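Please open the model in your viewer and keep the selection panel at hand. The tour moves from one selection to the next.

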Amino acid sequence: MKKLSINFLFLCSFLLFSACSSAVKTEGNKPEEIQVEEKQLSILPPEELYGKLFFDVQKNESLFTDSKTFVDAVPRIAPEEIRKKYAEIKPESNTELKTFLNENFEIPEADSDYKTDSSSINLHINKLWDVLKRPADEKLSGTLIPLPNPYIVPGGRFREIYYWDSYFTMLGLQEDGETETIRNMVDNFAWLIENYGFIPNGNRTYYLSRSQPPFFAKMVELLAQTDGEETYIKYLPALEKEYDFWMKGSENQEPGAYKRVVRLSNEEILNRYWDDKNTPRPESYREDVETAEKAISKNPDRTKEEVYRNLRAAAESGWDFSSRWLSINGNGDFNLYSIHTTQIIPVDLNSLLYNLEQTLARAYNLKVQPEKAVTFQERAENREAAIQKYLWEEETGFYFDYNFKKEHRTGIYSLAGVYPLFFEISDEKQAGKISETMEQIFLRPGGLVSTPHNTGQQWDAPNGWAPLQYMSIEGLRNYGKDLLASEIKQRWLNLNQSVYENTYKLLEKYNVEDLSKESGGGEYPTQDGFGWTNGVYQKLSKEE
């Protein structure tokens with residue numbers, strides 16, 4: 001049993017976020033007793049934690065270049081006391097406000113202790129695991145949700161664990177024999193599911209209204225490779241609870257959408273990305289307000305709340321932002337203010353949920369509960385049929401997202417279309433067509449571009465991302481397309497190696513079109529570190 005103060009922390013979390021109350025059921029290193037005052041135990045998003053101060057800071061362009069900086073700041077005293085002091089002092093200038101912030105918060109900065117070195121790239125990555133590792137959280141600190149076991153963060157501005165990043169990070173940890181770290185991270189995710197009902201985008205209070213692409217089942221599979229098949233039974237409660245989160249609303253029999261579920265007919269259910277809030281993201285507050293204002297100026301029929309919801313839903317997808325979620329205007333351009341993520345049934349999400357359903361069927365078979373195993377296998381088969389019906393386009397030979405409001409596929413090429421290869425949903429004929437499309441539309445000198453559209457968004461051309469390279473390579477291998485898989489792998493590894501030799505850094509994303517330039521787009525500069533790049537490079541480069 002946990003000590004009383006930790007149990008009390010869990011109870012507060014339950015009351016505030018309708019999470020499930022129970023003792024933690026994970027193994028691994030446990031934190032020491034959390035010693036904080038009762039008034040500090042409220043796990044609140046920053047707009048509620050800091051009140052007017054939050055809005056004054058986040059609307060002020062001259063204080064921080066990155067909107068995430070303040071919401072990650074650690075209060076030196078209880079937030080309640082900070083709010084009182086701010087109301088009394090009422091800083092009138094930026095200088096006074098900066099002084100107030102520095103006196104009352106620890107303002108986060110990039111890791112300054114780590115010095116890059118010129119060792120081989122594989123050795124460099126091996127050293128980076130300790131740099132990116134965070135110990136079990138022993139106390140509440142602002143918006144950070146304490147986790148009971150050590151974990152790996154991506155790096156740079158990303159100072160917390162991230163959901164889908166972690167699977168690809170684990171690939172490299174596995175290669176380097178860091179099984180205990182993988183186990184700790186899987187236990188952390190199981191802990192989050194147990195206590196919040198789902199895995200948030202990251203362990204920050206401002207992420208508690210959304211998740212990310214559900215890779216937890218793949219993490220369990222990865223851990224089972226070393227810990228044995230009992231792993232599936234151990235994490236079965238967490239797997240099913242996560243599934244319930246994504247499927248909430250599926251009991252509704254009428255066609256339509258509710259939260260993350262879209263019922264297309266009596267028997268056809270697929271899913272979409274969503275966010276339970278319709279306000280500006282605290283970590284991108286100013287940017288979201290500007291996007292919403294632009295959106296309603298272009299289309300008065302839209303509301304700001306609708307725009308905020310769609311921005312947040314795109315953040316749940318992990319592809320924030322991309323032409324996948326945007327409309328083409330009369331000039332043939334994509335603009336962020338046209339975002340409509342919640343109208344779209346995504347290929348990647350539904351492929352992941354197909355895998356989750358299959359994993360649940362496998363776990364129940366191992367537990368010798370055949371009726372439940374059959375139920376989940378049937379759900380997987382129904383989802384597979386719906387994916388083929390709504391997301392596959394025979395004429396072009398590729399999978400596209402589906403706009404269920406307009407009842408047609410979006411026609412936006414993206415590497416989300418390779419997920420059915422990775423999860424072996426496609427047949428051989430489809431795999432052949434996808435392979436040809438990948439080579440003709442996506443292949444670039446440095447690997448695969450996320451989409452062929454250059455929109456200025458970071459999940460579009462000219463950028464390539466480690467997780468999509470890996471899934472594409474493995475998906476092609478599943479169908480014997482080894483030649484193309486090998487070509488993509490070599491181009492990607494060569495690009496990573498070249499950038500490393502010039503900078504001694506591994507980056508969040510890369511420009512795969514012009515190898516002399518850095519990647520770009522998005523709401524923040526390119527980050528170095530970097531968790532999933534390290535993981536995928538280590539995995540691919542160490543293959544025999």
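What follows is a list of stops, each with something to select.

**Before selecting**

This is a predicted model: local features need pLDDT of at least 70, side-chain atom pairs count only at pLDDT 80 or more, and totals for chains, interfaces and linings use all residues. Residues are numbered from 1 along each chain as its sequence is written, and side-chain values use heavy atoms, with hydrogens and water left out.

**Stop 1: colour by pLDDT**

pLDDT is the predictor's confidence in each residue, from 0 to 100. The protein chain averages 91, and 91% of the residues score at least 70. Now select residues 1-41. Here pLDDT stays under 50. The model has 89 contacts beyond four places in sequence for this stretch; contact means heavy atoms within 4.5 Å.

**Stop 2: helices H5 and H6**

Select residues 79-89 for H5 and 94-104 for H6. Helices (H or I, at least four residues) and strands (E, at least two) are DSSP runs, numbered from the N terminus. The H5 and H6 axes come within 12 Å and cross at roughly 155 degrees. Axes are lines fitted to C-alpha atoms, for helices over the stretch in contact, and angles run from 0 to 180 degrees between N-to-C directions. H5 and H6 are therefore roughly antiparallel to each other. Angles under 35 degrees count as roughly parallel, over 145 as roughly antiparallel, 65 to 115 as roughly perpendicular and the rest as oblique.

Show side chains next. H5 brings Ile82, Lys85, Tyr86 and Ile89 to the contact, and H6 brings Leu97, Phe100 and Asn104. By class, that contact of H5 with H6 has five nonpolar, one polar and one charged residues. Ala, Val, Leu, Ile, Met, Phe, Trp, Tyr, Cys and Pro count as nonpolar, Asp, Glu, Lys and Arg as charged, and the others, Gly among them, as polar.

**Stop 3: sheet S5-S6-S7**

Three strands form an open sheet in the order S5-S6-S7, with antiparallel pairing. Two strands pair if DSSP finds at least two bridges between them. Strands S5 (256-258) and S7 (269-271) stand at the edges, each with a single partner strand, so one side of each is left without a neighbour in the sheet. Neighbouring strands of this sheet are turned by 25 degrees against each other on average, direction ignored. Zoom in on S5 and S6 (residues 261-263): three bridges join them. Gly256 stands opposite Arg263 in S6.

**Stop 4: helices H13 and H14**

Select 285-298 for H13 and 304-317 for H14. The two pack at an angle of about 130 degrees, with their axes 9 Å apart. That makes H13 oblique to H14. Their crossing is right-handed. From H13, Asp288, Val289, Thr291, Ala292, Glu293, Ala295 and Ile296 meet Lys304, Val307, Tyr308 and Leu311 in H14. By class, the contact of H13 with H14 has seven nonpolar, one polar and three charged residues.

**Stop 5: sheet S8-S11-S12**

This open sheet has three strands in the order S8-S11-S12, paired antiparallel. Select S11 (residues 402-403): two bridges join S11 to S12. Which residue is the bridge partner of Asn403 in S12? His408 is.

**Last stop: Glu424**

Glu424 is in the loop between H17 (419-422) and H18 (428-442). Glu424 touches Asn478 and Tyr479, not counting residues up to four places away in sequence.

Note on methods:
A crossing is left-handed if the near helix is turned anticlockwise from the far one by less than a right angle, and right-handed if clockwise.
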